[in-house]
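Dear colleague,

Please find the structure below, with its sequence. My notes on it follow, and I would be grateful if you read them with the model open.

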Amino acid sequence: MGGSGKTAHTGLIRNPWDLERMCAGSSSGSAASVAAGVYPYATGSDTGDSIRKPAAYCGIVGYKPTYGMISRYGLFPFASSLDHLGCLTRSVRDAAIVVDAMKGIDNKDMTTWDSSDIHLYESLNDNVKGKKLCYIKEICDISNYPDASSELKEHLANFNKTLELCKKMGMSVDEVSVDMKLLNALNSVYVVISCAEATSNMSNLTGIIFGPRSKGDNYVEMMKNYRTEGFSSLIKRRFIIGSYVLQAENKDRYFNNAQRVRRLLVDTWKDLFKKYDAVILPVGSGPAKYLDDSKNKDYTNSHILEEHLQIGNFGGFPSITIPNGFVSHLPVGVNITGNCYDDINVLNIAYALEGQMDYKNQLAKEVK
Amino acid sequence: MDGYKALIGLEMHCEISETNTKVFSGAENSYKETPNTNIRPLDMGFPGTLPVVNKRAVEMALKASMILNCTQPEYMYFERKNYYYPDMPKNYQITQETKPIPVGIYGSLTYEFKGAKKTVRINNIHLEEDAASLDHYSTFSTVDYNRAGVPLLELVTEPDLHSADEAVAFLETMRSIYQYAGISEANSQKGQIRCDVNVSIMDENLDESNPNNWGTKVEIKNVNSFSGVRDAINYEIERQVEAKQNGTYDDMAQQTRRWDEDTFTTKFMRSKVDAIDYRYFVEPNIPKYRISEEWKKKIKESIPKLANERKEIYMKEYGLSEYDSKVLVKDKDISDYYEEVIKLGGEPKGAANWLTSVILGYLNKNELSIKELYLTPTMLVDLMTMVKDGKISSKQSKEVLNKVLEEKKEPKKIVKSLGVTQISDDKTIRDIVVKVLDEHPDLIIEHRKGRNTFDFFVGQVMKATKGQANPSLTADIIREEIDRR
């Protein structure tokens with residue numbers, strides 16, 4: 001669990017393009033091995049950006065379909081209302097094939113819905129003329145990042161090139177504006193809701209009914225020891241936040257307000273989908289970050305670039321990341337997100353765009 | 001009560017026993033003696049398992065909500081109640097809270113107490129999953145997950161009850177409702193009913209409709225029988241009155257106590273300041289779903305006649321006494337049996353007599369339920385028909401019934417094997433009557449003088465026929481033959 005790939009079960013996960021850099025997470029190993037050509041695809045789950053961010057850092061495709069398209073039965077949950085299943089592949093076509101095989105209504109997961117009339121692979125076509133895209137000024141405009149690094153500048157310039165390409169392909173691209181206050185609240189909303197749900201979801205991990213039992217004089221001791229030994233400090237911090245925001249005296253201020261802002265964000269995006277087929281945005285603030293955090297630099301407002309993919313989880317929207325170029329010889333990605341149940345449309349835009357670029361089926365080449 | 005009155009509120013938990021499966025898992029919903037034999041991964045809280053709502057359980061919960069005159073929600077939601085305890089392997093319970101509203105809110109129920117009608121306001125009724133059952137031994141405890149996930153209805157009343165007996169009368173009415181509505185067997189022996197009781201006392205002269213006048217609320221947890229409820233309330237009232245009298249009442253904190261069945265006392269568990277924060281939030285794995293008006297209508301129409309309505313019918317349409325009607329409706333199985341007898345053509349008053357005067361006594365004596373009774377409604381109707389048709393006398397019918405129950409054979413077969421069959425043939429009886437009268441001309445004279453020799457003649461006919469002569473026919477013929485002489 002976590003977004004760095006540093007806490008993986010098998011050890012540190014390095015980016016196959018640059019071993020000094022991370023893959024992001026939590027599907028760090030999956031992204032690395034698909035990018036390196038070890039597997040043609042990997043399945044994954046995505047609560048905030050866990051499929052789509054690593055895909056961008058590793059130069060591959062990461063697709064999270066509409067909430068409930070794939071059953072969560074059998075998935076170790078993190079935050080049930082945000083958890084999505086999806087896949088990491090090296091092409092949009094492969095993503096369509098994999099999700100076609102994974103999706104469907106499951107009577108063991110009440111949040112699944114009948115998608116039997118949706119055939120992603122069969123529906124793929126690159127006729128996207130007339131499709132309407134929009135991007136968000138507050139996220140994409142370089143003037144919002146006064147102290148931007150050259151990598152961030154390059155990343156956004158590259159994104160603009162992708163927008164030009166879209167226009168050339170016959171799609172319209174509009175700039176829209178969203179209240180900065182809402183965007184600034186993104187991560188707090190995510191932390192509050194995901195930690196609250198995660199704390200509850202993982203309270204079954206006591207080592208008593210399943211898992212290796214810890215020693216202790218009584219069951220409370222056994223549980224305490226198991227949870228103390230078994231969880232990293234990052235996860236423990238999340239548990240504490242989750243419990244705190246749900247406590248009776250804090251619940252309205254934190255948890256209920258987070259739900260309200262989640263609703264506002266989702267409504268804002270749904271309004272966009274009334275007019276546009278999809279929202280197109282750059283992924284992250286540049287290429288993969290360094291594993292050694294001291295080498296990473298934060299810029300004013302760059303957190304919004306890092307966090308906006310969470311909106312796809314808040315709304316259950318279909319969302320796909322594809323590689324759209326290189327910055328500092330490292331891959332960067334672009335994300336396309338559409339309205340719920342509109343997966344075919346989202347995939348087709350990504351498929352057409354991918355066809356106009358050179359990054360389809362690319363394998364990681366270690367650059368350093 | 002020395003100038004005080006008690007305000008009592010109840011939280012009644014009743015398992016829904018009439019669904020095929022548990023409320024969120026596919027495990028069977030049935031009582032199993034062998035521990036941990038009726039469980040699915042979800043009931044054990046395994047990661048990756050998800051709850052799936054049992055529609056039948058929701059239907060039954062809505063039915064109960066309607067019977068209690070509650071408001072039903074437009075959308076069905078569930079909430080998570082988070083707490084660590086070995087009886088809850090997920091370490092949270094899926095339940096409902098008052099916001100968003102549960103299956104029922106703000107209703108009322110009228111029940112009968114000592115001949116008077118009383119009304120209790122219902123704060124809410126909600127659907128949740130039962131916990132596992134724990135057994136505590138001196139050095140260890142055991143957990144049985146069979147019960148984990150059984151659908152459970154929790155009913156919360158306002159503090160509208162004023163005595164232990166009222167509380168028990170209310171609970172008995174609720175039990176009857178659950179049974180009649182086909183929601184639950186409501187059997188406390190199987191642990192299907194459990195109660196928490198709130199007790200406070202206040203000055204008798206003060207207005208109880210103003211909550212400011214209420215005393216300190218004490219909650220008593222885990223009372224598992226109606227007699228326990230009665231004892232716990234009485235004990236707690238006494239304890240609180242004593243505290244008033246010895247001046248310690250004002251120091252008494254709002255608190256939770258538990259009923260100790262061994263010592264017949266309540267024991268302190270925790271005060272309100274140590275109350276558990278359950279950190280509720282809406283269960284994300286169960287999407288909210290709309291309760292349509294059509295569905296509600298269908299459920300409403302499916303509510304069967306409850307004990308009270310049946311009682312009215314028995315009195316008004318069948319002409320039974322209030323007492324007999326009450327006896328018959330007290331147990332739904334008995335009432336069902338009675339109605340089956342009537343459906344098969346049994347005469348209502350006669351059938352009621354059979355049940356109240358003979359059959360119920362037999363069941364009580366042998367500690368049987370009516371479901372275990374060998375005599376089916378069809379057999380009882382056969383027996384009643386034989387009496388009606390004059391094939392056997394009513395006196396004989398009781399003997400036949402005893403043999404039926406003893407030998408577990410149908411009434412018709414018993415009648416045949418005993419040779420008891422009533423003589424209702426006019427000529428056969430008339431021949432015997434004539435012979436008896438011929439033998440006793442002196443007694444005919446005595447009879448005319450006004451002395452009662454009539455019974456003697458009847459007795460002689462019975463003797464000659466081994467009691468098989470139809471008594472009323474015999475009497476008629478004797479009268480006719482005496483008049484003729």
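Which domains does the domain assignment of chain B give? The assignment gives domain 1 (4-297), domain 2 (304-418) and domain 3 (426-484); such bounds come from an automatic or database domain assignment. The centres of domain 1 of chain B and domain 3 of chain B, taken over C-alpha atoms, are 69 Å apart.

Please note that this is a predicted model, in which local features need pLDDT of at least 70 and side-chain atom pairs count only at pLDDT 80 or more, while totals for chains, interfaces and linings use all residues. Residues are numbered from 1 along each chain as its sequence is written, and chains are lettered from A and ligands numbered from 1 in the order in which they are written.

The sheet of chain A

In chain A, eight strands form an open sheet with mixed pairing, in the order β1-β3-β2-β7-β8-β6-β4-β5. Here helices (H or I, at least four residues) and strands (E, at least two) are DSSP runs, numbered from the N terminus, and two strands pair if DSSP finds at least two bridges between them. Because β1 (41-46) and β5 (172-176) of chain A stand at the edges with a single partner strand each, one side of each has no neighbour in the sheet. From one strand to the next, the twist averages 30°.

Strands β2 (residues 61-64) and β7 (residues 319-327) of chain A run antiparallel and are joined by three bridges. Within this pair, Lys64(A) stands opposite Ser319(A) in β7(A).

Helix α13 (residues 343-355) of chain A lies across β6 (278-282), β7 and β8 (330-337) of chain A, at about 20° to β7(A). Axes are lines fitted to C-alpha atoms, for helices over the stretch in contact, and angles run from 0 to 180 degrees between N-to-C directions.

A residue in chain B

Met76(B) lies in strand β2 (residues 75-76) of chain B. Is Met76(B) buried or exposed? Met76(B) is buried, because 22 other C-beta atoms lie within 10 Å; the cut-offs are 20 or more for buried, 12 or fewer for exposed, and partly exposed in between, with C-beta atoms placed from the backbone. Not counting residues up to four places away in sequence, Met76(B) touches Val58(B), Lys288(B), Tyr289(B) and Ile291(B), where contact means C-beta atoms within 7 Å.

The contact between the chains

Chain A gives 25 residues to the contact and chain B gives 23 residues. On the side of chain A that touches chain B, α7(A) gives the most, with three residues.

With kind regards

Conventions
Contact = placed C-beta atoms within 7 Å.
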